[in-house]
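Dear colleague,

I am handing over the structure below, and after it I describe what was found there. Please keep it open while you read.

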Amino acid sequence: MSRTTRIERYRNIGIMAHIDAGKTTLTERILFFTGRIHAMGEVHTGSTEMDWMVQEKQRGITITSAATTASWKPERGLFAGTPHRINILDTPGHVDFTIEVERSLRVLDGAVAVFDASQGVEPQSETVWRQADRHGVPRIAFLNKMDKVGADFAMSVQSIRQRLGANPVPVQLPIGAGPEFRGVVDLLRRRAFFFDEASGEPSEAQEIPEPLRSEAAALRLRLIEACAEVDGTVLGKYVDGRLQEITEEELERALRLGTLQRQLVPVLTGAAFKKKGVQMLLDAVVNYLPAPSDLPAVEGVTPDTQVKVTRPANDEEAMSALVFKLMHDKSVGTIAFLRVYSGTLRTGMAVLNTRQQRRERVGRLMFMHANKREEVEEVHAGDICAALNLRGVRTGDTLSALEAPVVLEALHFPEPVIQLAVEARSRGEQQKMEEGLARLGAEDPSLRVEVDSETGQQLLSGMGELHLEIVVDRLRTEYGVEARVGQPKVAYRETLRQKVRQDYRHVRQTGGPGQYARVVMEVGPAPRGSGLVFVDDTHNGVIPKEFIPAIE
Ligand code: GDP
């Protein structure tokens with residue numbers, strides 16, 4: 001069997017957003033339009049397709065990073081008419097779970113950044129944006145909730161420029177705002193599309209309404225200028241300071257190039273809740289975001305000699321795959337989500353888990369669609385799939401061909417910030433709790449489980465109070481253990497720049513971006529001073545030096 005979709009037609013994307021910007025709603029609408037689900041759950045009723053776990057449903061937030069496979073045939077643009085496979089990695093938006101965001105950013109190739117058009121850039125969108133910068137992820141922006149009172153397209157674009165230091169390039173202009181939001185002007189085609197109120201379907205192309213013409217023309221010029229900065233063909237259209245005729249396709253190519261090189265961010269808008277603008281966003285995902293083959297080959301090291309190796313994304317290379325997520329399923333056991341970077345992985349194949357130095361035989365492989373699991377015989381470079389029956393696998397492990405072992409770049413996990421003691425109510429429960437914690441620890445490398453040598457209690461350390469609350473919740477719902485829980489304590493973590501460390505000998509910080517953190521300075525074993533500081537998102541968890549003297 002060979003691959004059914006060529007690698008150039010893959011888009012492995014994440015949807016990243018501040019909590020409440022509408023990521024879950026948008027994901028659902030995407031799954032609806034890609035034809036995989038028929039009945040859409042509404043977020044507030046707690047029945048969305050991506051939110052798999054009970055806690056997420058109860059809390060209405062998205063924690064897991066489930067991958068869903070969908071397909072889309074764009075109507076417009078460079079790849080119009082060609083079916084593409086879109087793998088959607090659901091990235092969490094809550095600050096306590098930024099570690100999960102990191103993990104999914106590692107395996108995706110491009111992202112849609114969702115903003116609430118009435119708010120513009122919010123603190124958490126900044127955190128996620130900078131993480132995506134660090135991972136070099138090309139992005140397009142979707143200004144959601146254009147139907148909300150107070151929605152402001154220009155303000156939102158401006159805040160992307162100012163707060164994120166990005167180069168946002170609107171490819172659309174909304175027609176109306178708030179309750180009057182009715183459609184978009186497509187700036188490339190110079191045409192207006194109106195959305196059907198009930199279905200969200202865009203109308204046939206129409207003339208741009210008169211009151212919007214000059215604004216649309218100005219934005220289109222700005223778009224052409226941005227394209228000229230990244231693309232010689234478009235630049236060549238300026239002859240003696242005058243702009244020559246330029247085709248839609250030339251602009252599309254330049255926009256794709258600029259996005260892939262991360263020099264610009266195409267901006268689209270809509271209202272996911274009302275299904276408006278979602279199809280055009282999907283067209284943009286295919287047209288502007290990279291295929292796995294557009295990106296540099298994945299890098300890793302040989303397990304013994306630590307020699308650097310690269311594995312280009314094609315089927316003939318030696319197989320390499322990274323486990324980026326484990327989930328536990330009552331009927332089938334542990335499901336490992338894999339990103340295949342190179343080669344072909346088949347069921348029954350013997351592979352090496354290089355981090356654990358263990359041979360494994362690959363069990364069942366499947367694609368997780370929104371409404372079904374599709375079992376397959378083999379998966380290929382660029383695929384994101386689920387594997388069953390891998391023994392003792394942990395998040396972050398590499399699976400590689402026996403003859404060409406490789407360890408893909410280690411996933412980076414920050415030190416935990418919060419610690420909680422938990423105690424079983426009975427001896428019987430004690431064993432169940434230990435088993436449960438061992439499994440949860442394997443699923444989630446940002447969770448640490450240890451035994452307190454003084455009290456004999458189990459100590460859980462994690463990324464925030466909510467993170468640990470969810471662990472305790474899962475013990476109850478999945479393992480039937482009602483653990484007694486102590487008071488959360490801060491666990492120190494050192495995240496300060498070397499420079500600050502040198503100046504102050506020893507500075508310890510607790511709490512991450514968007515939280516209050518206690519900073520303790522020590523000289524030798526003795527604390528010299530301590531105080532609470534607010535860790536600004538823009539500093540990415542690193543306390544800037546100017547804050548330090550204030551707490552002495
Ligand atoms: P998430 O936290 O980013 O996943 O956001 P959700 O998808 O859960 O949405 C948060 C809230 O915003 C929910 O109450 C949604 O119904 C609402 N919402 C989502 N999209 C839209 C939209 O396009 N317009 C309006 N007015 N509300 C929306």
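In this structure, R476 forms a salt bridge with D473, their closest N and O atoms being 3.2 Å apart (a salt bridge is a side-chain nitrogen of Lys or Arg within 4 Å of a carboxyl oxygen of Asp or Glu). Both residues lie in helix α11 (residues 465–479), three residues apart, about one turn of the helix, where helices (H or I, at least four residues) and strands (E, at least two) are DSSP runs numbered from the N terminus. D473 is buried at 13% relative accessible area, while R476 is partly exposed at 35%; buried means under 20% relative accessible area, exposed over 50%, and partly exposed in between (1.4 Å probe, protein chains only).

Please note that this is a predicted model, in which local features need pLDDT of at least 70 and side-chain atom pairs count only at pLDDT 80 or more, whereas totals for chains, interfaces and linings use all residues. Residues are numbered from 1 along each chain as its sequence is written, and side-chain values use heavy atoms, with hydrogens and water left out.

The whole structure holds 28 salt bridges. In one of them, the side chains of R76 and D283 meet at 2.6 Å, N to O; R76 lies in the loop between β2 (67–72) and β3 (84–90) and D283 in helix α9 (residues 278–288), so the pair ties together parts that are 207 residues apart in sequence. R76 is buried at 13% relative accessibility, and D283 is buried at 3%.

With kind regards
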